[in-house]
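Colleague: Before I use any labels for this model, I would like to hear what each one rests on. Please take me through them one by one.

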Amino acid sequence: MSDNVKVAVRVRPFNKREIERKSVGCIDMDGQTTIITHPTTKEERKFTFDHSYWSHNEFKELEDGTLVGTSSKYADQNRVFDDLGKGVLENAFNGFNTSLFAYGQTGSGKSYSMVGYSVNKGIVPITCEELFKLMNKGSEGGNTRYQVKFSMLEIYNEKVRDLLQPPAQNQKGGLRVRENPKSKKFEVVGLKLVDVKSYGEIDHQMELGTKHRTVAATQMNNTSSRAHTIVTIIFEQITKDDSGVETTKTSEMNLVLFTVIHLFI
């Protein structure tokens with residue numbers, strides 16, 4: 001696949017409902033290949049991606065709650081970040097805009113891969129944590145300083161809501177999306193953009209935004225997010241040369257959870 005676009009798939013463990021129904025797995029993975037086997041005819045279909053992550057079984061839970069593999073086949077959160085999140089960071093430091101989409105049916109495990117839970121951090125918090133570590137290293141020379149801004153929104157029923165604002169304070173009918181005549185970029189009018197100076201601050205904003213997400217029970221998931229969520233991190237590197245002239249390099253990281261409520265086969 002192109003270096004500009006990478007596609008990865010991940011299979012999660014059975015949930016409680018699937019276990020109670022004695023569901024049988026039809027997915028297997030071998031390297032980059034995902035194999036789907038028809039439960040009756042046993043016919044196989046094979047699909048090749050940049051990454052095929054097996055997270056269905058072959059793992060154990062440590063005392064602190066961390067999930068670790070019992071074989072090399074299992075893909076944990078750190079492995080997913082190493083393959084996908086590190087590229088997002090590298091592009092940001094090189095001044096490129098970048099996007100990472102988690103796409104799938106409700107209950108398929110997007111939130112776990114992107115956000116995680118407890119000690120099993122997902123791509124978004126690990127990316128933010130590593131961002132500030134690299135910033136601290138980069139600022140040691142004294143010629144470069146950094147600025148980070150954070151926003152979090154959701155799109156629900158074709159309406160845009162600011163997740164960093166309490167639901168009662170959100171504009172009735174949702175925020176307006178328009179094209180900026182100068183930059184030619186599409187922007188959300190009135191979206192709260194927060195300056196963050198540490199991973200702790202960004203983690204607090206993420207926790208706040210997660211509490212404001214629209215959730216409801218579905219047949220697949222009792223606390224399913226019913227909306228698409230977009231986390232945007234604007235990263236600026238301000239460098240001063242020997243003559244005292246400052247140049248700014250700006251990049252935008254968009255981390256997206258795209259929910260499909262219905263799956264048609």
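Modeller: Start with E58, which is partly exposed because its relative accessible area is 30%, and the class in between runs from buried, under 20%, to exposed, over 50% (1.4 Å probe, protein chains only). The model is predicted, so local features need pLDDT of at least 70 and side-chain atom pairs count only at pLDDT 80 or more, while totals for chains, interfaces and linings use all residues. Residues are numbered from 1 along each chain as its sequence is written, and side-chain values use heavy atoms, with hydrogens and water left out.

Colleague: Where does E58 lie, and what is its phi?

Modeller: E58 is in the loop between β5 (51-54) and β6 (59-61). Its phi is positive, about 65°, although E58 is not a glycine. Helices (H or I, at least four residues) and strands (E, at least two) are DSSP runs, numbered from the N terminus.

Colleague: Why is S118 called exposed?

Modeller: S118 has a relative accessible area of 62%, so it is exposed. S118 sits in the loop between β9 (116-117) and β10 (120-121), and its phi is also positive, near 50°, in a residue other than glycine.

Colleague: What makes K46 exposed, and what does it touch?

Modeller: K46 is exposed because its relative accessible area is 57%. K46 lies in strand β4 (residues 44-48). Not counting residues up to four places away in sequence, K46 touches T33, T34 and I35; contact means heavy atoms within 4.5 Å.

Colleague: Why is T229 called buried?

Modeller: The relative accessible area of T229 is 2%, so T229 is buried. T229 is placed in strand β18. Its side chain makes a polar contact of 3.3 Å with that of R213. A polar contact is a pair of N or O atoms within 3.5 Å; within protein, one must be able to donate a hydrogen and the other to accept it, and residues adjacent in sequence count only if both atoms are side-chain atoms.

Colleague: Which strands pair with β11?

Modeller: β11 and β18 pair in the antiparallel sense over 12 bridges, and K149 stands opposite I234 in β18. Two strands pair if DSSP finds at least two bridges between them. β11 and β15 are antiparallel and joined by three bridges, with V148 having V196 as its bridge partner in β15. Four bridges join β11 to the antiparallel strand β12 (residues 159-162). In the hairpin of β11 and β12, two residues lie between the strands, and N157 takes a positive phi near 55°.

Colleague: What makes the pair of F93 and Y146 edge-to-face?

Modeller: Six aromatic pairs are counted. F93 and Y146 are 6.3 Å centre to centre, with 65° between the planes. Rings of Phe, Tyr and Trp (its six-membered ring) pair if their centres lie within 6.5 Å; planes under 30 degrees apart count as stacked, over 60 as edge-to-face and the rest as tilted. F93 lies in helix α2 and Y146 in strand β11, so the pair ties together parts 53 residues apart in sequence.

Colleague: Why is the pair of Y103 and F258 called stacked?

Modeller: The ring centres of Y103 and F258 are 5.3 Å apart and the planes are at 15°, so the pair is stacked. Y103 belongs to strand β8 and F258 to strand β19, 155 residues apart. At 61% relative accessibility Y103 counts as exposed, whereas F258 is partly exposed at 32%.

Colleague: What makes up the largest nonpolar core?

Modeller: The largest nonpolar core has 36 residues, and L131, F150, I233 and F235 have the most contacts inside it. Such a core is a set of buried Ala, Val, Leu, Ile, Met, Phe, Trp, Tyr and Cys residues joined through side-chain atoms within 4.5 Å. Among the contacts of L131, leaving aside its neighbours within four places in sequence, are L89, F93 and M253.
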